Amino acid sequence: MSPSVLQQPGFTVVTMKTPNDKLTNFGAVIDDIDLNEISDEDVTALSEAIWAHKVVVVRGQKDLHPQKQWDLVTRFDPNAEEVHSHGDMKTFNKNAGLLARGHYVHAVPEIENIRIIGKGYQGSDHYYGLKDMTIDAPPLHSWHAMKLSDEEFEAGHTRFQRWHIDAPLYDRDPAWFTTLRCIKRPKAPAVTVHWDDGSGQSMTVNPGLTAFFSSVQMYDLLTPREKAYADHSWVEYAPHPYTWLGGAESLPTGLGISGAGKELTLDMLPAYDASKIKHYPMVWINPVTNERAFMVHAICVRRLFLRTSPNATPEVVEDLEAVRSWLRPLQERILKPEYIMVPDLDEGDIVMWANYQLFHSAIDYPSSMGPRTMHQANIGASRGPTGLFMVPAVA
Ligand SMILES: [Fe+2]
């Protein structure tokens, strides 16, 4: 992008150095800002930096009050309704389906839009109310169809949990950004993420961190023919998609569902409003850099509308095996260690990412390494993704 597009910020944005063994082209670090006291101009500049660099780590926010984290999130998108993109806590824990499988998600007391992500003992009094709380959940990859044994996991063999964007994909539009502040995490020993898909691929990472790949780079890896499809096609997400997924299980890479047939039928779902079902173009445009990102949350897609030119009648694909086998080769091309970045976070660092430009995944580690506490917040966007065309109102 042209640097002239950026507001002149009162802080310094340093591009992350790409290690020699990586092909990633995103990421930046800011060291000289206090998010407790950030001006409106700097909120705008920070927002543009997140769009431009896609992942931004703001260091040294140990004293950031959770309310200030939420305030920042609302200032990024002042026209949005002031609620977490997944709704209030009661709604979330009732309807989260896959997102809360096997455990209850907690929020910071009195600041319920700040969600607590982590595991293990959360302290004697976490933000004045959660006393002696322990988050005890199954391993994050336990939803993979091909199971990882406890013995292997305890020995440091782990996996990507689920490549995703933070998005309800029903009713509210996905958050532009997600913010995730590291309160506590173990730093050693390293764990090894295995693909476990027969490819033999693996990468070594420090525990308690989040992995990212760029959907802009994913788009760039498409052939001209695939780009023609991507540019002009759209997807329809299932109503209440994480409930609709039912007992579906993941491939061992965390990218995509293994097979099909464990989803709920539409008549088994909680009541839904057809007008709240999401239809999004496959390609989302970055409002600051104009880059194209291939943004399809494949596991939640119910139908594809495929075409290679703006006025063609789309081919509708609704057989789920076919939906998934069409998307899979386009998406898994990027799933290689050289395209995956796992930015390091110290306690007090906050990572913010452009949810419309990247996929991310958690990576679990053995509980014996110690507890993890993160504060996560995002807001259902005031304006959904922009593609190269308007999705027709009636499919
Ligand atoms: Fe997430």
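Predicted model: local features only at pLDDT ≥ 70, side-chain atom pairs only at ≥ 80, totals over all residues.
Close-up 1. H8 itself runs over residues 320–332, so to speak a 13-residue helix. From its first C-alpha to its last, H8 reaches 17 Å, close to the 18 Å expected at 1.5 Å a residue.

**Close-up 2. The largest nonpolar core.** Here we're looking at a set of 98 residues, the largest nonpolar core in the model. Ile50, Phe294 and Trp353 have the most contacts inside it. As a rule, nonpolar side chains in soluble globular proteins tend to be buried together.

**Close-up 3. Who touches Trp353.** Zoom in on Trp353 and skip its neighbours within four places in sequence: the contacts are then Ile50, Lys54, Val55, Phe177, Thr178, Phe212, Leu358 and His360. One of them, Ile50, is also listed among the residues with the most contacts inside the core.

**Close-up 4. Lys262 in its loop.** Lys262 sits in the loop linking helix H7 (241–244) and strand E13 (279–281). It counts as partly exposed because it has 14 C-beta neighbours inside 10 Å; buried would take 20 or more, and exposed 12 or fewer. Leaving out neighbours within four places in sequence, Lys262 is in contact with Gly246, Gly247 and Ala248. Ile363 is 101 residues away along the chain, and the C-alpha atoms of Lys262 and Ile363 are separated by 24 Å.

Terms used:
Residues numbered from 1 in each chain as written. Core = buried A, V, L, I, M, F, W, Y, C linked by C-beta atoms within 7 Å. Contact = placed C-beta atoms within 7 Å. Helix = DSSP H or I, 4+ residues; strand = E, 2+ residues; numbered from the N terminus. Expected span 1.5 Å × (residues − 1).
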